[in-house]
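Okay, thanks for coming, everyone.

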Amino acid sequence: CDKVRAKFANMSEEETKVAKRGIMKNVVVISFAFMLLFTAFQSMANLQSSINKVKGLGTYSLAVIYGALVTSCMFVPSLMIKKLTVKWTMVVSIFCYSTYIAAQFYPQFYTLIPGAVILGLGAAPMWSAKCTYLSQVGNIYGELTNEPTEPIIVFFFGIFFLFFQSSSIWGNLISSAVLSLKEGQESNVTEEVVNVDLSRCGINYCPLLESVDESPQNQS
């Protein structure tokens, strides 16, 4: 800390402004990167039980993710950050998410489940590295401005979660746009899907009506 203070004390006013702009830029870039990552991951995770419903593969993969995440929280973050530093831990962990996202292009047991394990193991180090980084740059920014560091760290976390929480909005909007069918709009769906009675889908679905249709009296 004394070395850091001495370094900042010798900086000119222009160098201080450049350093402050660099810190703000890094906070925004990291926040934006997390927003893009979780726009893809959260919207995809919300649909796993539907898009990968064969033999419950999507549901099982989500269970594996959070099982691996629990294990990762206990052992991996401190070791990984110590070996790779905070910056490279975030980079590697983001690629761990990418493996699971890439597995969606060929969803099989031998692709989704290993991808889920990799994601779960990388999630805890990523969040730990992110929190560590924001705390570190908050302390540095406080030294540059001679202001209390706690409000600055809270401000940086506020910027981060502004971007991060908006990922749910963008992900759901994209999912809605992709999955919704407008009247008269052509779509490359199979004949089986075209012949489905859409009047019983979504909020109009009633299991009771389905059971009545399958009753012996109606079938005869």
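Before I start, one cut-off you'll need: buried means under 20% relative accessible area, exposed means over 50%, and partly exposed is whatever falls in between. Also, keep in mind that this is a predicted model.

So, the overall picture. The protein has 220 residues, and 32% of them count as buried.

Now let's go to the backbone. Most residues other than glycine have a negative phi. With that in mind, look at Thr-85. Thr-85 isn't a glycine, yet its phi is positive, about 75°. And where does Thr-85 sit? In helix H4, which runs over residues 57–103. Thr-85 has 42% relative accessibility, so we call it partly exposed.

There's another one, Asn-146. Again not a glycine, again a positive phi, this time about 55°. Asn-146 is in the loop between H5 and H6. Is Asn-146 buried or exposed? Its relative accessibility is 71%, so it counts as exposed.

Okay, helix packing. In general, you describe two packed helices by the angle between their axes and the distance between the axes. The pair I want to show you is H2, residues 13–46, and H5, residues 109–145. Their axes come within 11 Å and cross at roughly 160°. Over 145 degrees counts as roughly antiparallel, so that's what H2 and H5 are to each other. The crossing of H2 and H5 is left-handed, by the way.

Leu-47 has a relative accessible area of 24%, so it's partly exposed. Leu-47 and Thr-59 are twelve residues apart along the chain, and their C-alpha atoms are separated by 9.5 Å.

Last stop, the surface. Which residues form the nonpolar patch here? They're Ile-169, Trp-170, Leu-173, Ile-174, Val-178 and Leu-179, and together they have about 630 Å² of accessible area. Let me pick out Trp-170, which is in helix H6, residues 149–179. Trp-170 comes in at 41% relative accessibility, so this tryptophan counts as partly exposed.

That's my tour. Happy to go back to any of those spots.

Conventions: Residues numbered from 1 in each chain as written. Predicted model: local features only at pLDDT ≥ 70, side-chain atom pairs only at ≥ 80, totals over all residues. Heavy atoms only, no water. Patch = residues over 30% accessible without salt bridge, like charges linked within 9 Å, V, L, I, M, F, W, Y side chains within 5 Å. Areas by Shrake-Rupley, 256 points an atom, 1.4 Å probe, with all protein chains shown as cover. Salt bridge = Lys/Arg side-chain N within 4 Å of Asp/Glu carboxyl O. Helix = DSSP H or I, 4+ residues; strand = E, 2+ residues; numbered from the N terminus. Buried < 20%, exposed > 50% of the residue type's maximum accessible area, 1.4 Å probe, protein only. Axes fitted to C-alpha atoms, helices over the stretch in contact; angles between N-to-C directions. Parallel < 35°, antiparallel > 145°, perpendicular 65-115°, else oblique. Left-handed = near helix turned anticlockwise from the far one by under 90°.
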